[in-house]
Amino acid sequence: MAVDRGRYTCVLDESATRVTAMRARELGRKSVVVGDRVSLVGDTSGAPGALARIVRIAERSSVLRRTADDDETTAEGRLERVVVANADQLVIVTALADPPPRTGFVDRCLVAAYDADIEPLLCLTKADLAGPEAVLDYYTELDLPYVLVRPDSDLGGLRERLAGRISVLVGHSGVGKSTLVNRLVPDADRAVGTVSAIGRGRHTSTSAVALPLPGATDPGWIVDTPGVRSFGLAHVSAESLLHGFPDLVEGTVDCPPNCEHTAGETECALDAWVAAGNADPRRLQSYRRLLASRAGEIE
Ligand SMILES: Nc1nc2c(ncn2[C@@H]2O[C@H](COP(=O)(O)OP(=O)(O)OP(=O)(O)O)[C@@H](O)[C@H]2O)c(=O)[nH]1
Ligand SMILES: [Mg+2]
């Protein structure tokens with residue numbers, strides 16, 4: 001469920017008992033992340049002060065990764081981080097205002113989701129402050145499922161989409177991830193902050209936490225994560241980037257072999273495809289911005 005300074009909060013399958021554990025030496029350098037299914041030995045009573053040991057990590061059904069930073073020229077920039085294991089759904093949380101939506105960020109998350117084989121869900125918060133039209137218009141050709149959230153909105157539709165699955169919330173700091181988790185899980189008690197200027201790096205939540213949703217028959221799990229400034233994709237191949245843009249895929253069938261689809265490719269078929277009205281030119285722009293940022297150019 002959570003990792004804090006080498007202490008892992010685990011929950012037992014059979015009894016839902018919460019157990020604190022540490023890594024056993026035999027795990028070697030393998031890291032344990034939120035969402036991992038693990039085997040425990042030792043004191044699994046969950047009593048105060050009891051400490052179990054994690055001796056095995058089960059094979060992961062999915063791995064959500066991001067590169068720490070897009071700067072490929074530094075070691076830190078190339079560092080790949082596993083965000084969450086075994087997630088089924090990536091809930092991309094974007095505020096409609098304060099902070100304003102950035103489709104470039106959503107596009108990156110979509111690439112990460114398709115690359116990890118995790119289903120995306122667009123969650124548009126602060127719908128009391130601005131309408132969703134501009135964002136939805138940008139994604140019309142994508143059949144991207146979405147939910148709108150206002151402070152007083154009914155969360156029934158969202159709960160239905162979360163049922164029976166492990167869903168991870170990702171988004172910039174201040175978009176309302178923890179606010180949403182507190183509404184979905186009344187005893188979650190996640191700290192909620194004021195919206196700080198984007199890019200200042202002030203995050204209210206500082207580590208990922210998985211929480212069981214309330215309800216009778218497998219209501220699912222929700223994972224709150226700290227706000228991220230960007231979603232680094234240096235670990236995704238140029239080939240896989242296109243998977244985040246399913247509305248453009250068909251436009252590449254007439255490309256010459258080994259076409260890189262960059263703006264510099266004079267024979268790339270995407271320009272004509274978009275000019276003919278088959279896809280939104282902003283989507284092609286976004287795709288090419290991602291290609292360029294992976295090549296080390298400034299976004
Ligand atoms: N108007 C309005 N404000 C909201 C809504 N949802 C959240 N907020 C406010 O937005 C601010 C930030 O919310 P948080 O839930 O802390 O945001 P977060 O995404 O968890 O931020 P980090 O933990 O830093 O990543 C708080 O002041 C919330 O009260 C909403 O639907 N409408
Ligand atoms: Mg938070």
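Q: How many aromatic pairs does this predicted model hold, and what makes the pair of Tyr 138 and Tyr 139 edge-to-face?
A: The structure, which is a predicted model, holds two aromatic pairs. In one of them, Tyr 138 and Tyr 139 have ring centres 4.7 Å apart and planes at 90°; because centres within 6.5 Å make a pair and planes over 60 degrees apart count as edge-to-face, the rings of Tyr 138 and Tyr 139 form an edge-to-face pair. Tyr 138 is buried, and so is Tyr 139.

Q: Why is the pair of Phe 245 and Tyr 287 called tilted?
A: The ring centres of Phe 245 and Tyr 287 are 5.2 Å apart, and their planes stand at 50°. Planes under 30 degrees apart would count as stacked and those over 60 as edge-to-face, so the pair, at 50°, is tilted. Both Phe 245 and Tyr 287 are buried.

Q: What makes the pair of Phe 245 and Tyr 287 one that ties together parts apart in sequence?
A: Phe 245 lies in the loop between helix H6 (238–241) and helix H7 (246–249), whereas Tyr 287 belongs to helix H9 (residues 281–294), so the pair links parts that are 42 residues apart in sequence.

Q: How do you know that the span of helix H2 agrees with its number of residues?
A: Helix H2 (residues 103–116) has 14 residues, which at 1.5 Å a residue should span 20 Å, and its end C-alpha atoms are 20 Å apart, so the two values agree. Following H2 is Asp 117, whose phi is positive, near 65°.

Q: Why is H2 described as largely enclosed by the rest of the structure?
A: Eleven of the 14 residues of H2 are buried, so H2 is largely enclosed by the rest of the structure; a residue counts as buried when its relative accessible area is under 20%. Among the buried residues of H2 are Phe 105, Arg 108, Leu 110 and Ala 116.

Q: What residues make up the lining of the second largest pocket by class?
A: The second largest pocket holds about 780 Å³ of space, and the residues closest to its centre include Val 11, Asp 13 and Trp 221. Its lining has 20 nonpolar, six polar and six charged residues, and strand E2 gives the most to that lining, with four residues.

Technical notes. Residues numbered from 1 in each chain as written. Chains lettered and ligands numbered in written order. Predicted model: local features only at pLDDT ≥ 70, side-chain atom pairs only at ≥ 80, totals over all residues. Heavy atoms only, no water. Phe/Tyr/Trp six-rings, centres within 6.5 Å; stacked < 30°, edge-to-face > 60°. Buried < 20%, exposed > 50% of the residue type's maximum accessible area, 1.4 Å probe, protein only. Helix = DSSP H or I, 4+ residues; strand = E, 2+ residues; numbered from the N terminus. Expected span 1.5 Å × (residues − 1). 1 Å grid on protein atoms, 1.4 Å probe; cavity = no way out; pocket = protein on both sides within 12 Å on 5 of 7 lines; lining within 4 Å. Points joined across faces, edges and corners; volume = space filled by probe spheres on them. Nonpolar A, V, L, I, M, F, W, Y, C, P; charged D, E, K, R; others polar.
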